[in-house]
Amino acid sequence: QRQMCIRDSYVVVEGHDSATRRTFSGVSKSGQESRLSFQVSGQVLEVPINVGDRVKKGDTVARMDPADYALQLQNAQASAAQSRAQERNAKATYERTRALYENQNASRQDLDADRTGYESGRAGLESANQQIRLRQRQLGYTHLKAPEPGVIATVDIDVNEYVQAGELVAT
């Protein structure tokens with residue numbers, strides 16, 4: 001049985017006669033190919049795969065040194081703690097000023113200034129929390145995993161090599 005499709009440039013040949021052996025020249029190419037790369041830059045610590053290895057979804061393809069990204073996360077967490085304290089203080093000040101204003105013991109200007117301080121503190125806290133989420137993601141990007149099952153066709157990096165974000169690691 002033979003099927004041919006010229007438009008997509010492939011030929012399927014099936015035979016049941018084991019005595020007939022034929023050789024064809026051509027190039028074999030996967031129907032789906034994933035070019036794997038890190039989303040952050042850093043020094044490669046581990047490449048546990050080799051060309052020809054079968055990988056399952058989630059298997060480690062490569063790992064880079066996470067130390068710098070872990071420190072950035074810790075710094076973001078410390079900044080968030082500081083922002084949280086500033087936001088709490090600004091909120092307490094605003095609430096006191098609001099109570100004084102309601103009793104006509106504080107000016108409208110004081111009330112507005114303390115409300116602005118509180119809103120600024122809230123925005124600073126939200127920004128600090130966003131930085132934590134960003135740093136957590138970057139730390140996670142230091143561990144490159146297979147996105148789906150397949151066979152490793154190329155490995156383009158070595159241990160201790162410094163790689164840029166987006167640089168090809170493996171196919």
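**Figure 1. Exposed N160 in a loop of the predicted model.** N160 is exposed, its relative accessible area being 53%. In this predicted model, the residue belongs to the loop that runs between β8 (150-151) and β9 (162-163). The phi angle of N160 is near 75 degrees, a positive value in a residue other than glycine. Most residues other than glycine have a negative phi. The class of N160 follows from its value of 53%, because exposed means over 50% relative accessible area.

Figure 2. Q104 has a phi near 65 degrees, a positive value in a residue that is not glycine. With a relative accessible area of 72%, Q104 is exposed.

Figure 3. A90 is part of helix α1, which spans residues 67-102. Its relative accessibility is 15%, so A90 counts as buried, the limit being under 20%. When residues up to four places away in sequence are not counted, A90 touches D114, G117 and Y118. The view also includes R122, which is 32 residues from A90 in sequence. In space, the C-alpha atoms of A90 and R122 are 8.7 Å apart.

**Figure 4. The open sheet of four strands.** The strands are arranged in the order β7-β6-β4-β9, and their pairing is antiparallel. Strands β7 (143-145) and β9 form the edges, each pairing on one side only. Three bridges join strand β6 (residues 60-64) to β7 in the antiparallel sense. Within this pairing, T60 has K145 of β7 as its bridge partner, and R63 stands opposite H143 of β7. Strand β4 (residues 42-46) pairs with β6 over two bridges, also in the antiparallel sense. Here V44 stands opposite M64 of β6.

Figure 5. A search of the whole structure finds four salt bridges, one of which joins R63 to E46. The closest N and O atoms of R63 and E46 are 2.7 Å apart. This pair links distant parts of the chain, with R63 in strand β6 and E46 in strand β4, 17 residues apart. R63 counts as partly exposed, at 29% relative accessibility. E46 is likewise partly exposed, with a relative accessible area of 29%. Side chains of opposite charge can pair when their charged atoms come close.

**Figure 6. Salt bridges around R108 and D112 in helix α2.** The side chains of D112 and R108 meet in a salt bridge, with an N to O distance of 3.6 Å. Both residues, D112 and R108, lie in helix α2; they are four residues apart, about one turn of the helix. A network of salt bridges links R108, D112 and R115. At 31% relative accessibility, D112 counts as partly exposed. R108 is also classed as partly exposed, with a relative accessibility of 45%.

**Figure 7. The salt bridge of E126 and R133.** This close-up shows the side chains of E126 and R133, which meet in a salt bridge at 3.1 Å, N to O. E126 counts as partly exposed, at 39% relative accessibility. R133 is partly exposed as well, its relative accessible area being 39%.

Figure 8. T171 is placed in the segment after β10 (168-170). T171 counts as buried because its relative accessibility is 14%, and buried means under 20%. A polar contact of 2.8 Å joins the side chain of T171 to that of T154. Leaving aside residues up to four places away in sequence, T171 touches E33 and S34 as well as V151, I152, A153, T154 and D156.

Methods: Residues numbered from 1 in each chain as written. Predicted model: local features only at pLDDT ≥ 70, side-chain atom pairs only at ≥ 80, totals over all residues. Heavy atoms only, no water. Buried < 20%, exposed > 50% of the residue type's maximum accessible area, 1.4 Å probe, protein only. Contact = heavy atoms within 4.5 Å. Pairing = 2+ DSSP bridges. Polar contact = N/O pair within 3.5 Å; in protein donor to acceptor, adjacent residues only side chain to side chain.
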